[in-house]
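Thanks for coming. I will take you through one structure, starting with charged pairs and then moving to the cores and a pocket.

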Amino acid sequence: MDSLTALRSVVRGRVWLPGDPGFDAARRPWNLAIEQPVAAVAEAADADDVAALVRHARAAGLGVTAQPNGHGATGRTDGLILLRTTRLDTLEIDPAARRARVGAGVPSGRVQAAAAPHGLTGLPGSSPIVSVTGAALGGGLSWFGRAHGWIADSVTALDVVDADGRPRRVTADADPDLFWALRGAGGDFAIVTALELTLHPAPHLYGGRMLWTAEHAPAVLEAYRRLTATAPERLTAWLDLLHFPGADPMAAVDVTHLGGEDEARDLLAALDRLPRPLADGRRVMSVAELGSITAEPTDPGPGLSRAELLTGLDDTAAKALLADPIAPLLSVQLRHLGGAFARPSDSPHGPLSEPYALYLFGIPADPATARAVAARQRALAEALPVSGRKPFTFLGPEESAADAFTPATLERLRQIKHRRDPHGVIRGNFPVLG
């Protein structure tokens with residue numbers, strides 16, 4: 001019996017080998033534009049299964065890469081065992097301690113739904129179906145990051161399986177190097193089976209999307225600039241230029257406010273002075289409803305994205321954003337950062353001094369469209385004041401850890417990798433040695 005076939009007797013969860021029915025579906029990442037070649041797929045039944053798999057892989061000279069459902073996949077998986085952690089779905093909320101214990105397969109929306117009745121919140125991103133663990137391993141940009149920093153800043157402990165297949169608990173005191181690396185540099189150092197994180201007070205929330213026709217985009221952008229210039233940390237605003245297939249171009253502002261409606265409306269008065277919107281979805285809402293604001297797809301699909309950090313949003317930058325239609329892109333999004341993001345963070349990325357993140361997205365329907373999408377993304381990035389550094393959580397498949405971290409940080413991460421996984425058993429989406 002070869003080492004891959006032996007997986008069926010090593011793991012209690014499901015195993016798919018090449019040629020098995022369902023193998024192609026099991027190995028497919030969330031982004032269907034990415035081909036993800038793997039030697040086998042194993043779905044762990046629990047953390048003990050993860051440990052058994054890693055021990056087997058190490059003894060057989062194989063590598064393992066972990067994904068709940070494949071967000072952030074890069075396709076750098078040839079010859080690896082793909083470990084699906086979806087069934088690691090433990091979720092425990094301790095409202096008195098304001099703490100959550102979250103299995104590696106638990107999506108953000110489930111944490112929000114469990115925390116909301118207690119007037120608490122995690123640090124969710126725009127999509128409720130992305131795993132909390134995956135977001136935290138990449139640092140994590142949240143709706144509430146201006147108030148509370150990186151998602152990783154709220155992580156207090158991690159349960160992992162190390163490269164020798166040993167289950168371990170990692171904290172800042174017990175293992176400061178590994179704790180530091182795992183909070184923002186990806187899953188290249190150990191396989192996380194669960195984490196613990198601090199929950200934050202959220203007794204009130206007001207938010208939603210306002211949508212205008214593209215003719216009002218200049219006024220919307222100007223109002224957005226004024227709004228974000230003075231916004232308190234409890235207020236987050238994202239600007240979206242949108243062009244969906246079969247629809248006219250539009251402009252949107254998405255907002256969340258960790259506070260009451262009256263205060264939020266005062267802070268958002270600049271938006272109310274704009275021309276009448278096509279739609280205004282702002283309302284008092286639960287933190288469990290955040291996914292409804294941007295209404296991102298909940299099924300896999302192809303996509304081509306590029307992210308940048310902007311050093312400012314002056315008149316020249318505003319003009320560049322609006323100079324030409326965004327097509328063939330579907331969306332150009334600006335996320336306001338600042339606040340707690342800019343404060344010290346003991347994580348690989350450290351503080352975000354740049355005030356805005358730019359996210360460009362298109363669908364590569366065919367090779368010609370893919371080239372056109374990439375060209376439009378490149379042209380926009382070259383016309384804007386980008387810092388040259390990127391959030392690890394937004395790296396594209398063709399990029400590397402070196403695009404996110406300073407040389408000194410990358411060297412420290414590489415030393416940790418050499419010490420903790422000298423045989424290269426564990427592989428993240430963006431290997432620090434790659």
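Let me begin with a question: is E222 buried, partly exposed or exposed? At 32% relative accessibility, E222 counts as partly exposed. The scale here is relative accessible area with a 1.4 Å probe and protein chains only: buried is under 20%, exposed is over 50%, and partly exposed is in between.

Before going on, this is a predicted model, in which local features need pLDDT of at least 70 and side-chain atom pairs count only at pLDDT 80 or more, while totals for chains, interfaces and linings use all residues. Residues are numbered from 1 along each chain as its sequence is written, and side-chain values use heavy atoms, with hydrogens and water left out.

Back to E222. Its salt-bridge partner is R225, with the closest N and O atoms 3.0 Å apart. A salt bridge means a side-chain nitrogen of Lys or Arg within 4 Å of a carboxyl oxygen of Asp or Glu. Helices (H or I, at least four residues) and strands (E, at least two) are DSSP runs, numbered from the N terminus. R225 is buried, at 17%.

By that rule there are 35 salt bridges. One of them joins R101 to D159, with 2.7 Å between the closest N and O atoms. R101 is in strand β6 and D159 in strand β8, so this pair ties together parts 58 residues apart in sequence. R101 is partly exposed at 25%, whereas D159 is buried at 15%.

E399 and K390 also pair, at 2.5 Å between the closest N and O atoms, and both residues are buried. Salt bridges with shared partners also link R58, D162, D164 and R166 into one network.

Now the cores. A nonpolar core is a set of buried Ala, Val, Leu, Ile, Met, Phe, Trp, Tyr and Cys residues joined through side-chain atoms within 4.5 Å. The largest has 49 residues, and V102, L158 and F189 touch the most other members. Helix α7 gives the largest share, five residues. A second, separate core has 38 residues, I326 and A237 among them.

I326 turns up again at the second largest pocket, as one of the lining residues nearest its centre. A pocket, on a 1 Å grid over the protein atoms alone, is an open set of points where a 1.4 Å probe fits, with protein on both sides within 12 Å along at least five of seven lines; lining residues have an atom within 4 Å of a point. This pocket has 13 lining residues.
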